[in-house]
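Subject: Structure for your review

Dear colleague,

Please find below the structure that I am handing over to you. My notes on what was found in it follow directly after.

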Amino acid sequence: TAGVPSARLFDAIAHEAFPRVYGFTTQGLANLVWAFAKAGIPADALFLAVAREATGGATVAGEQRRPRLSRFTTQELANTAFAFARAGTSVRDDRLYAGIAEQTLARIGDFNEQEIANTAWAFASVGIAKPALFDAMGGALLPMVSQLSSHGLTNTLLAFSKAGWPMRRDRGAELRRLLAEQVETRAHA
């Protein structure tokens, strides 16, 4: 569609994907919701089905599905959080966000700077400011600040500001200083 999302095409995909989300890989689940969110096409039922599948809230043939978030890669976790945040409050699933937060905390050392920035933006955008999560993301991000794109810098700064900087004072002050320094340096480049 030459860069213009076709609502009819997305509707047809949602209609076909909805009853089969249990068969998607973790990458397929993350890519599915990311594509709809990026295109700005609402698909609430599909998003909620993906959330149920990811968190183990779905049943197939009368059997409770196991949670799959632990099998998501860090990129899939970040992209899923981003997609649900971008899709809006009509698809907010607190169980999904809790699972993503748990997995992020458990694997924060595996996240790259973009994944941390996207996850922070997602949680801040939906108003979930978990202090332990933002503290861990801020601490992990400190040595990577210079690697963030200009867009990543501003989104990260906005996300942590919107979340109220709920991290320990020493890390918060250092991250604020580094982010501001990078923004200033790039503004004069």
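I begin with Thr-55, which lies in helix α3; helices here are DSSP runs of H or I with at least four residues, strands are runs of E with at least two, and both are numbered from the N terminus. Thr-55 counts as buried because its relative accessibility is 8%, where buried means under 20% relative accessible area, exposed over 50% and partly exposed in between, with a 1.4 Å probe and protein chains only. A polar atom of the Thr-55 side chain lies 2.8 Å from the backbone oxygen of Ala-51. Leaving aside residues up to four places away in sequence, Thr-55 touches Pro-67, Leu-69, Arg-95 and Leu-96; contact means heavy atoms within 4.5 Å.

As to the basis of these notes, this is a predicted model, in which local features need pLDDT of at least 70 and side-chain atom pairs count only at pLDDT 80 or more, while totals for chains, interfaces and linings use all residues. Residues are numbered from 1 along each chain as its sequence is written, and side-chain values use heavy atoms, with hydrogens and water left out.

Overall architecture

The protein has 9 helices and 2 strands, and along the sequence they follow the pattern α-α-α-β-β-α-α-α-α-α-α. Of its 189 residues, 47% are buried. Among contacts with a separation of 6 or more, 68% are between residues 24 or more positions apart. Helix α7 (residues 131-141) is mostly covered, with 9 of its 11 residues buried; among them are Leu-133, Phe-134, Asp-135 and Met-137.

Helices α3 and α4

Two packed helices are described by the angle between their axes and the distance between the axes. The axes of α3 (residues 44-55) and α4 come within 12 Å and cross at roughly 145°; these axes are lines fitted to C-alpha atoms, for helices over the stretch in contact, and the angles run from 0 to 180 degrees between N-to-C directions. The crossing of α3 and α4 is left-handed, a term used if the near helix is turned anticlockwise from the far one by less than a right angle, clockwise being right-handed. On the α3 side, Phe-47, Val-50 and Ala-51 meet Ala-83, Phe-84 and Ala-87 of α4.

Glu-76

Glu-76 also belongs to α4 (residues 74-87). A salt bridge is a side-chain nitrogen of Lys or Arg within 4 Å of a carboxyl oxygen of Asp or Glu. The Glu-76 side chain does make a polar contact of 2.9 Å with the side chain of Thr-26. A polar contact is a pair of N or O atoms within 3.5 Å; within protein, one must be able to donate a hydrogen and the other to accept it, and residues adjacent in sequence count only if both atoms are side-chain atoms. Not counting residues up to four places away in sequence, Glu-76 touches Thr-26, Gln-27, Ala-30 and Arg-71.

Salt bridges

Side chains of opposite charge can pair when their charged atoms come close. A search of the whole structure finds 3 salt bridges.

- Arg-68 and Glu-53 form a salt bridge with their closest N and O atoms 2.8 Å apart. This pair links distant parts of the chain, 15 residues apart: Arg-68 is in the loop between β2 (63-64) and α4, and Glu-53 is in helix α3. Both Arg-68 and Glu-53 are buried.
- Glu-16 and Arg-20 meet through their side chains at 3.7 Å, N to O. Glu-16 is partly exposed, with a relative accessible area of 42%, and Arg-20 is partly exposed at 45%.
- Arg-92 and Asp-94 meet through their side chains at 2.7 Å, N to O. Arg-92 is partly exposed, with a relative accessible area of 33%, and Asp-94 is partly exposed at 48% relative accessibility.

Ser-125

Ser-125 is placed in helix α6 (residues 113-125) and counts as partly exposed because its relative accessibility is 27%. A polar atom of the Ser-125 side chain lies 2.7 Å from the backbone oxygen of Trp-121. Ser-125 touches Ala-85 and Lys-162, not counting residues up to four places away in sequence. The C-alpha atoms of Ser-125 and Phe-82 are separated by 9.1 Å, with the two residues 43 apart along the chain.

Yours sincerely
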